[in-house]
Amino acid sequence: ICSKESNIRFDDLEKGHDMGVRAAQAIVQSMPVDLNWMAEDIVCRICLDRGEETLLAPCPCRGSLAHVHASCAVRAFRESKQWLDQTCSICKRVYTGVIGVKIAEVALEEVLNRFGDSASEAGVAFARLGLAHTRLGEAARSKELLLKALAIQERAQGLDHIDVAITLINLGDACRLLGHNTEALGYMQRALNIEE
């Protein structure tokens, strides 16, 4: 967790900073489970089998509900048909890691097919996929998706809508992670102007 790749300092975690704790939780929850040292009874909470596919822990659920195959989570999400609700049905927290991205990709595909690329729902779907990539540390991909979300939201909802402000904040965060601090500040200032 304290490696150069994670960008999380031990001091941040020790002091309990929300950003460090959330980032650490996202990293730990999205890590594949090494079944070689774990009990034989750990199974996917959806198919109730170990199977050949890696079991992941994409949300805060623990115990027998913690692990799921990515394919099972995506199948359950498709069956729910709740394209803009990308949360775990048990703990109600947003899926993170590889599963979070896969579910957000399915959601975007379905929303685009159903509503088209100019509907406000498409803006939400692009934004959520962008956030899923941010959680994986893929800020460049996140920025690309959030820019698409912003363009759709500004057209569909207007320049002063709260969803536009939220996307601007997330876009600023992606830029900050990329080291584009001046650009990040510009997005954050625009968001602040909307919220005032």
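**Close-ups of helix α4 and its neighbours**

**View 1. α4 against α5, a left-handed crossing.** In this predicted model, α4 and α5 cross with a left-handed sense. On the α4 side, look for Gly100, Val101, Ala104, Glu105, Leu108, Val111, Leu112 and Phe115. Their partners on α5 are Glu121, Ala122, Ala125, Phe126, Arg128, Leu129, Ala132 and His133. Sorted by class, the α4–α5 contact residues come out as 11 nonpolar, two polar and three charged.

**View 2. α3 against α4, a right-handed crossing.** Here the crossing is right-handed, with the axes 10 Å apart and an angle of about 30°. That angle falls under the 35 degrees cut-off, so α3 and α4 are roughly parallel. From α3 come Ala70, Ala73, Val74, Phe77 and Arg78, which meet Ile99, Lys102, Ile103, Val106, Ala107, Glu109 and Glu110 of α4. This contact has eight nonpolar and four charged residues, with no polar ones.

**View 3. α4 on its own, end to end.** The helix covers residues 97–115, 19 residues in total. First C-alpha to last, α4 reaches 27 Å, close to the 27 Å expected at 1.5 Å a residue. Just past its end, Gly116 adopts a positive phi of about 90°.

**View 4. The buried residues of α4.** Gly97, Ile99, Gly100, Val101, Ile103, Ala104, Val106, Ala107, Leu108 and Val111 are the buried ones. They pack against the strands β1 (55–56) and β2 (68–69), plus the helices α3 (70–80) and α5 (120–135).

Methods:
Residues are numbered from 1 along each chain as its sequence is written. This is a predicted model: local features need pLDDT of at least 70, side-chain atom pairs count only at pLDDT 80 or more; totals for chains, interfaces and linings use all residues. Side-chain values use heavy atoms; hydrogens and water are left out. Helices (H or I, at least four residues) and strands (E, at least two) are DSSP runs, numbered from the N terminus. The expected span of a helix is 1.5 Å times one less than its number of residues. Buried means under 20% relative accessible area, exposed over 50%, partly exposed in between (1.4 Å probe, protein chains only). Contact means heavy atoms within 4.5 Å. A crossing is left-handed if the near helix is turned anticlockwise from the far one by less than a right angle, and right-handed if clockwise. Ala, Val, Leu, Ile, Met, Phe, Trp, Tyr, Cys and Pro count as nonpolar, Asp, Glu, Lys and Arg as charged, and the others, Gly among them, as polar. Axes are lines fitted to C-alpha atoms, for helices over the stretch in contact, and angles run from 0 to 180 degrees between N-to-C directions. Angles under 35 degrees count as roughly parallel, over 145 as roughly antiparallel, 65 to 115 as roughly perpendicular and the rest as oblique.
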